[in-house]
Every structure is written in C-alpha cells, then in structure tokens.
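Here are my notes on the model, in numbered points. Have a look at the chain first, then read on.

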Amino acid sequence: MKRPMMKAADRRLVLSFMVLAALSVCAFLLLVWEPQQRELAEIALGQAEIRTARLEMESFVRRHPEPGRYEQELTARQKRAERLFLTSGGGADDFFQMELPNMAESAGLTVEQLTAVDTPDSADSSKPKIPLKPRLCRLTLRGGYRAVTEFLARLEQGERFVTVKGWQLKGSGEQTQRGELLLEVLLEAYELKQSAGG
C-alpha cells in the first residue's frame with residue numbers, strides 16, 4: 001500500500017515553517033534570554049559585592065572597636081614593613097659585610113668573595129618618588145648543594161627584603177672536594193632613605 005506523497009508546495013511550506021521556527025528560537029536566545037541572564041548575573045555579582053563589603057566592615061568593627069587601637073596596629077605594621085629595608089647610614093654595609101656572611105656560614109657555605117656594587121640614584125623624573133635606594137652585592141660562595149639551597153631559602157624567608165638579580169652555579173673545579181659547588185649570586189636589597197623632615 002502506497003503512502004500519500006506530499007505535494008511540492010506542501011513540502012516547501014513545512015520546510016519554511018521549520019526554518020522560521022529555528023530562526024525564532026535563535027532570535028529569542030540572542031535578543032531576550034542572553035541579555036536577561038547577563039543582567040541577572042550582574043545583579044547577583046553586585047549583591048555579592050555588597051555582602052562582602054558588609055562582612056568586611058562588620059569584621060573591621062569587631063577587631064577595632066576603638067579608632068586608637070586601629071592606629072596602633074597600623075603603626076606596628078609600618079614598623080614591620082620598615083624592617084624589611086636597610087637603614088641609611090651604614091645599614092647596607094652592616095647587612096652585606098656581617099649579616100650575609102653569617103647567614104652563608106651558618107648554612108654551611110664558605111664565603112670566597114663579597115663585593116658591594118654602587119647603584120647611582122635614578123634621575124628619571126617620570127617615576128614616583130619613593131624613598132628607597134637599591135643596593136647591590138656580588139657574592140661568591142663555596143659549598144655543597146644542600147648548603148646552597150638552605151642559604152637561598154634563608155635569604156628568601158629572612159626578615160630583610162632581598163631579591164636575587166642573577167646567579168650562576170657551577171662545580172668548584174677542585175678535585176679534593178667532590179660534589180662541592182661554587183655559587184656566584186648578585187643580590188639586591190633596598191635602603192630606606194630618611195626623609196628630609198624626619
């Protein structure tokens with residue numbers, strides 16, 4: 001038994017209806033649903049920011065019911081931050097000549113050479129005026145791998161802010177001490193310059 005065939009005009013009509021339905025769905029998604037979802041997401045984000053700000057304020061009030069205590073905490077934090085930097089007037093020399101060699105020797109390294117490198121004040125007026133002067137030190141150390149890694153870890157975790165600007169690790173070249181390494185490192189610390197008023 002043969003099924004009745006759709007006429008060509010009917011097929012075109014059904015196909016046109018399906019295309020029109022698909023276009024309608026796409027238009028709804030692009031013009032209505034997506035903007036609504038974006039707007040709802042922005043509202044939720046705004047509400048989350050308001051809740052976060054309120055929680056931060058409540059936490060601040062609980063921790064600092066008196067403004068004077070908050071000022072004391074700020075002062076203590078500032079003092080802790082200032083200890084990260086070297087003091088002007090010999091602080092850099094003490095750090096490079098005494099603290100660094102002591103740190104290296106306590107890690108099990110031998111100090112072969114220590115040279116302070118002059119860093120002139122920057123004359124670039126476009127940079128903000130920060131009362132910090134970089135101070136460089138070139139250090140050559142001899143010791144085992146474990147001592148080298150311990151020294152670098154102590155340097156990183158110490159109470160001074162010191163960055164490693166460059167380093168080179170190689171064998172010591174001496175046959176008597178197998179496994180001994182030579183570490184050449186360029187370190188940068190920052191000297192906190194005293195303000196004119198202070």
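1. A term to settle before anything else: buried means under 20% relative accessible area, exposed means over 50%, and partly exposed is in between (1.4 Å probe, protein chains only). Keep in mind that this is a predicted model, where local features need pLDDT of at least 70 and side-chain atom pairs count only at pLDDT 80 or more, while totals for chains, interfaces and linings use all residues. Residues are numbered from 1 along each chain as its sequence is written, and side-chain values use heavy atoms, with hydrogens and water left out.

2. On the overall layout, the protein chain has 4 helices and 5 strands, in the order α-α-β-α-β-β-α-β-β along the sequence. Those elements are DSSP runs numbered from the N terminus: helices are H or I with at least four residues, strands are E with at least two. Of the 198 residues in the protein chain, 20% are buried.

3. Now the surface and the contacts. The protein chain has an accessible surface of about 15400 Å², and carbon and sulfur atoms account for 57% of that (Shrake-Rupley method, 1.4 Å probe; for residues, only the protein chains shown count as cover). Taking contacts between residues at least 6 apart in sequence, 69% join residues at least 24 apart; contact here means heavy atoms within 4.5 Å.

4. The largest nonpolar core has 21 residues, and Leu100 and Phe151 touch the most other members. (Such a core is a set of buried Ala, Val, Leu, Ile, Met, Phe, Trp, Tyr and Cys residues joined through side-chain atoms within 4.5 Å.) At least two residues each come from α3 (91-106), β3 (132-143), α4 (145-157) and β5 (181-192), with α3 giving the largest share, 6 residues. Leaving aside residues up to four places away in sequence, Phe151 touches Leu100, Met103, Ala104, Ala107, Leu109, Leu139, Leu141 and Leu183.

5. There are 8 salt bridges in the structure, each one a side-chain nitrogen of Lys or Arg within 4 Å of a carboxyl oxygen of Asp or Glu. One of them pairs Arg160 with Glu99, with 3.6 Å between the closest N and O atoms. Arg160 sits in the loop between α4 and β4 (162-171) and Glu99 in helix α3, so this pair ties together parts 61 residues apart in sequence. Both ends are partly exposed: Arg160 at 21% relative accessibility and Glu99 at 35%.

6. A local pair sits in helix α4, where Glu150 and Arg154 are 4 residues apart, about one helical turn. Their salt bridge has its closest N and O atoms 2.4 Å apart, a value I'd look at on screen. Glu150 has a relative accessible area of 30% and Arg154 has 31%, so each counts as partly exposed.

7. Lys170 and Glu184 make another salt bridge, their closest N and O atoms being 3.5 Å apart. Lys170 is partly exposed at 34%, as is Glu184 at 29%. Elsewhere, a network of salt bridges links Glu112, Arg142 and Glu180.

8. Finally, which residues make the nonpolar surface patch of about 700 Å²? They are Val25, Phe28, Leu29, Leu30, Leu31, Val32 and Trp33. Patches take residues with over 30% relative accessible area and no salt bridge, joining like charges within 9 Å and nonpolar side chains (Val, Leu, Ile, Met, Phe, Trp, Tyr) within 5 Å. Trp33 lies in helix α1 (residues 8-63) and is partly exposed, at 43%.
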